[in-house]
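Here is a short briefing to read alongside the model. Please keep the sequence and the 3D view open as you go.

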Amino acid sequence: MWVEETDGAVLRIHTTAEGLVGEDVPLALVFHLPAGYPLCLPGISVNSDRLTRAQCVTMKEKLLEEAGKLLSEPMVHELVLWIQQNLRLVLSQPETASSSEKCASPESTTEDDGVWTTLLHLDHMRARTKYVKAVEKWASALRLTGRLMFMGKLILILLQGGRSNIKEYLILQKTSKVDVDSSGKKCKEKMISVLSETKVQTEHKRFLAFEVREYSTLAELQKEFETAGLGGLFSECVLGLVK
């Protein structure tokens with residue numbers, strides 16, 4: 001079923017795939033196609049009364065990984081085929097079968113409730129203009145706020161939003177050819193580090209938008225973190241990068 005929304009469209013698909021012992025496993029797949037699709041990842045949910053919650057989450061993550069390989073081309077049909085062909089293989093992996101809690105419907109699932117803050121460190125950014133545009137586009141599509149921060153050679157990305165959206169952002173950043181190597185060839189981001197991932201607390205300020213900013217001194221950068229109630233994050237994760 002196709003449902004139009006103001007910020008994209010929702011496609012709901014009911015299908016089946018082969019389970020561990022050859023049985024048909026019913027799957028309810030929901031694809032949220034944002035306005036920028038297929039240049040950005042769709043939102044994906046996987047539900048089935050035959051799968052545990054952990055299995056549903058694993059299948060969603062696997063589908064997002066596959067989606068990252070198909071950016072810039074329509075991918076829903078390919079993703080449905082992939083889960084039909086690979087469900088049994090994924091379920092056979094030990095880490096996928098450890099939970100007995102059944103997967104709930106989307107309306108009753110509150111996985112990773114709340115807003116999270118994630119701090120990323122980039123080693124370098126050769127194709128800066130292209131890279132910055134890609135980061136801004138992904139943040140907008142995934143409803144993430146925060147900062148892309150430059151201070152000398154230091155490059156940080158501070159993201160705030162739903163944890164699943166931040167995970168989708170990381171998949172995009174790691175699977176897209178967003179930069180160039182030393183020879184000028186397009187390449188994927190292989191030198192990104194997750195410095196911190198925490199749930200937003202009451203003393204933290206919520207960023208209202210995603211902005212690109214440059215800082216001429218360490219004091220300016222520190223003030224940005226302290227204004228957002230993230231002085232401790234600065235001390236723990238950022239100071240060591242500039243000493």
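Where is the kink in helix 2 centred? The kink in helix 2 is centred on Gln85 and amounts to about 45°, where the bend at a residue is the angle between axes fitted to the seven residues ending there and the seven starting there. This is a predicted model, in which local features need pLDDT of at least 70 and side-chain atom pairs count only at pLDDT 80 or more, while totals for chains, interfaces and linings use all residues. Residues are numbered from 1 along each chain as its sequence is written, and side-chain values use heavy atoms, with hydrogens and water left out.

**Overall picture**
- The protein has 6 helices and 11 strands; helices (H or I, at least four residues) and strands (E, at least two) are DSSP runs, numbered from the N terminus.
- Of its 243 residues, 46% count as buried, meaning under 20% relative accessible area, with exposed over 50% and partly exposed in between (1.4 Å probe, protein chains only).
- Among contacts (heavy atoms within 4.5 Å) in the protein with a separation of 6 or more, 65% come from residues 24 or more positions apart.

**Helix 2**
- Helix 2 covers residues 76-91, and its 16 residues should span 22 Å at 1.5 Å a residue, which agrees with the 21 Å between its end C-alpha atoms; the expected span is 1.5 Å times one less than the number of residues.
- The buried residues in this helix are Val76, Leu79, Val80, Trp82, Ile83, Asn86, Leu87, Val90 and Leu91.

- An open sheet of 5 strands runs in the order 10-5-7-6-11, with mixed pairing; two strands pair if DSSP finds at least two bridges between them.
- Strand 10 (192-199) and strand 11 (210-214) are at the edges, and each has a single partner strand, so one side of each is left without a neighbour in the sheet.
- From one strand to the next, the twist averages 15°; axes are lines fitted to C-alpha atoms, for helices over the stretch in contact, and angles run from 0 to 180 degrees between N-to-C directions.
- Strand 6 (residues 145-151) and strand 7 (residues 154-161) are antiparallel partners over 7 bridges, and Leu148 has Ile157 in strand 7 as its bridge partner.

**Helix 5 against the sheet**
- Helix 5 (residues 218-227) lies across strand 5 (116-122), strand 6, strand 7 and strand 11, at about 170° to strand 6.
- Glu224 sits in helix 5 and counts as buried because its relative accessibility is 11%.
- Leaving out residues up to four places away in sequence, Glu224 touches Arg147, Met149, Phe207, Arg213 and Tyr215.
- Phe225 is also part of helix 5, and its relative accessible area of 1% makes it buried.
- Beyond its neighbours within four places in sequence, Phe225 contacts Leu119, Met149, Leu156, Leu230, Gly231, Leu233, Phe234 and Val238.
- Phe225 and Leu158 are 67 residues apart along the chain, with their C-alpha atoms separated by 9.7 Å.

**Strand 3 and His32**
- His32 belongs to strand 3 (residues 24-34) and is buried, at a relative accessible area of 19%.
- Pro42 is 10 residues from His32 in sequence, and their C-alpha atoms are 5.3 Å apart.

**Cysteines**
- Cys40 is buried at 2% relative accessibility, and Cys237 is buried with a relative accessible area of 15%.
- The structure holds 0 disulfides, a disulfide being a pair of cysteine sulfur atoms within 2.5 Å.
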